Amino acid sequence: MKWMRLIAQWLLSVTLMAAGHAHAASQGDYVLGPGDIIRITVFQNVDLTLDARVSEAGTISYPLLGTVKLGGLSVSDAEKKIADGLKTGNFLKQPQVSILLTSVKSNQVSVLGLVNRPGRYPLESGSNRLSDLLAQAGGIVPIQGSDTVVVSGKRNGKPFRKEIDFPQVFAASGTTEDFPLENNDAIWVDRAPTIYIYGEVLRGGSMRLERDMTLLQALASVGGLTQRGTAKGIKVHRRDAGGTVQILEPGMNDKLLANDVVYVKESLF
């Protein structure tokens with residue numbers, strides 16, 4: 001019916017307007033820096049419309065005002081600065097200045113390793129958390145990517161590195177913070193830890209080491225033992241920090257470590 005279509009169209013327009021206001025609000029908090037490209041417009045003054053790139057010194061050249069330093073200012077503060085300049089210079093009585101961020105170059109984060117779309121991504125206000133940037137990069141590669149994410153960069157001028165147990169960010173009992181990122185941070189997702197199982201098992205080879213995986217769980221993951229295999233005397237070859245290989249005989253409920261090599265021998269009877 002016609003009235004239902006009208007209501008649907010009205011709801012759609014409201015939704016789009018709300019999304020637009022939310023985007024504008026997030027842009028308003030964004031801090032401008034070198035390389036950012038902006039479009040400046042002044043209401044009812046088309047001749048003052050300008051597409052500009054923020055220079056390495058953080059400045060742009062603007063009609064009537066000359067060189068204006070915008071680097072380090074939020075978009076909202078940059079709008080106010082240009083408006084104040086036009087007003088105090090007696091060029092306009094009540095200038096209404098709008099700045100649209102068309103290309104982000106200054107505030108970026110590198111997302112590397114086992115993510116679906118590695119690369120450099122803009123760091124915008126309101127979307128500067130670790131989960132936001134991983135989402136932009138398409139998420140961690142399933143099965144292959146590690147749960148532990150490394151964030152490196154600088155804090156207070158000093159090198160900074162933090163390992164984050166990412167699933168704990170969203171776990172019901174988790175206390176890990178959805179870490180806030182800063183300009184030029186790098187996110188690294190390593191390959192998931194691996195163990196190796198061979199001997200009398202149905203599907204030997206390498207496999208992902210799941211969190212807190214026990215020997216029993218690992219054997220179940222490869223289909224269990226063959227008819228000739230025995231659960232007695234299973235050996236685990238484990239390399240310590242010094243590079244020395246130790247041969248252990250763990251219990252079924254003992255936890256395995258990354259790069260463990262599990263050998264299941266053949267029964268003698």
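**View 1. The hairpin of strands S1 and S2.** In this predicted model, strands S1 and S2 form a hairpin with two residues between them, and glutamine 44, which sits in the turn, has a positive phi of about 65°. Strand S1 covers residues 37-42 and is joined to S2 by five bridges, with the two strands running antiparallel.

**View 2. The open sheet S2-S1-S5.** Three strands form an open sheet in the order S2-S1-S5, and their pairing is antiparallel. Strand S2 (45-53) and strand S5 (97-103) stand at the edges with a single partner strand each, so one side of each has no neighbour in the sheet. From one strand to the next, the twist averages 15°. Strands of a sheet pair through backbone hydrogen bonds, and they may do so in either a parallel or an antiparallel way. Here S1 and S5 pair in the antiparallel sense over six bridges, and threonine 41 has serine 98 as its bridge partner in S5. Helix H2 (residues 75-88) lies across S1, S2 and S5, and runs at about 135° to S5.

**View 3. The salt bridge between glutamate 177 and arginine 129.** The structure holds 15 salt bridges, and in the one shown here the closest N and O atoms of glutamate 177 and arginine 129 are 3.5 Å apart. The pair links distant parts of the chain, because glutamate 177 belongs to the loop between helix H4 (167-170) and strand S10 (186-191), while arginine 129 belongs to the loop between strand S7 (119-122) and helix H3 (130-136), 48 residues apart. Glutamate 177 counts as partly exposed, at 46% relative accessibility, and arginine 129 also counts as partly exposed, at 33%.

View 4. Aspartate 147 forms a salt bridge with arginine 208, and their closest N and O atoms are 3.2 Å apart. This pair links strand S8 (residues 145-155), which holds aspartate 147, to strand S12 (residues 205-208), which holds arginine 208, across 61 residues of the chain. Aspartate 147 counts as partly exposed at 26% relative accessibility, whereas arginine 208 has a relative accessible area of 18% and is therefore buried, the limit being under 20%. Arginine 155 forms a salt bridge with glutamate 182, with the closest N and O atoms 3.6 Å apart. Arginine 155 lies in strand S8 and glutamate 182 in the loop between H4 and S10, so this pair ties together parts that are 27 residues apart in sequence. Arginine 155 is buried, with a relative accessible area of 16%, while glutamate 182 counts as partly exposed at 41% relative accessibility. Salt bridges that share partners also join Asp147, Asp165, Arg208, Glu210 and Arg211 into one network.

**View 5. The largest pocket.** About 230 Å³ of space lies in the largest pocket. The pocket is lined by 13 residues, of which Asp147, Pro193, Leu209, Glu210 and Arg211 lie nearest its centre. Strand S8 gives the most to this lining, with three residues.

Methods
Residues numbered from 1 in each chain as written. Predicted model: local features only at pLDDT ≥ 70, side-chain atom pairs only at ≥ 80, totals over all residues. Heavy atoms only, no water. Salt bridge = Lys/Arg side-chain N within 4 Å of Asp/Glu carboxyl O. Helix = DSSP H or I, 4+ residues; strand = E, 2+ residues; numbered from the N terminus. Buried < 20%, exposed > 50% of the residue type's maximum accessible area, 1.4 Å probe, protein only. Pairing = 2+ DSSP bridges. Axes fitted to C-alpha atoms, helices over the stretch in contact; angles between N-to-C directions. Contact = heavy atoms within 4.5 Å. 1 Å grid on protein atoms, 1.4 Å probe; cavity = no way out; pocket = protein on both sides within 12 Å on 5 of 7 lines; lining within 4 Å. Points joined across faces, edges and corners; volume = space filled by probe spheres on them.
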